[in-house]
Amino acid sequence: MIQRRPPDSGRDLATFSALLGLLLLGGLLIFLSALVVPQILGIVLVVVGFSGMLIFHYLVWGWWLSRMLPPKDEDEM
């Protein structure tokens, strides 16, 4: 008999907190390097702008497609 384990919510929380810490550390390093070399700030703004547009497009596209459910066939019921 196969025994199922309960979901590891603590494991998910640890992964999320590690990812958040890495993002904060990366942002801090980019900020410090932008203080030394001001041209880096322009590059970062362009990358963040394109990433924001891609994330917005992905979320809107997914929301739009999730509302388009396929029609139910009468034969399958």
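Predicted model: local features only at pLDDT ≥ 70, side-chain atom pairs only at ≥ 80, totals over all residues.
**View 1. The surface of the whole protein.** Residues are numbered from 1 along each chain as its sequence is written, and side-chain values use heavy atoms, leaving out hydrogens and water. The fold has two helices and zero strands (DSSP runs of H or I with at least four residues, or of E with at least two). Of its 77 residues, 1% count as buried (under 20% relative accessible area; exposed is over 50%, partly exposed in between).

View 2. Searching the whole structure turns up one aromatic pair. Ring centres of tryptophan 61 and tryptophan 64 sit 5.3 Å apart with planes at 45°, so the pair is tilted (centres within 6.5 Å; under 30 degrees is stacked, over 60 edge-to-face, the rest tilted). Both belong to helix H2 (residues 39-67), three residues apart, which means about one helical turn separates them. Tryptophan 61 is partly exposed at 45% relative accessibility, and tryptophan 64 is partly exposed at 41%.

**View 3. Phenylalanine 31 on helix H1.** Look for phenylalanine 31 in helix H1 (residues 9-36). Its relative accessible area is 49%, so phenylalanine 31 counts as partly exposed.

Key:
Phe/Tyr/Trp six-rings, centres within 6.5 Å; stacked < 30°, edge-to-face > 60°. Buried < 20%, exposed > 50% of the residue type's maximum accessible area, 1.4 Å probe, protein only.
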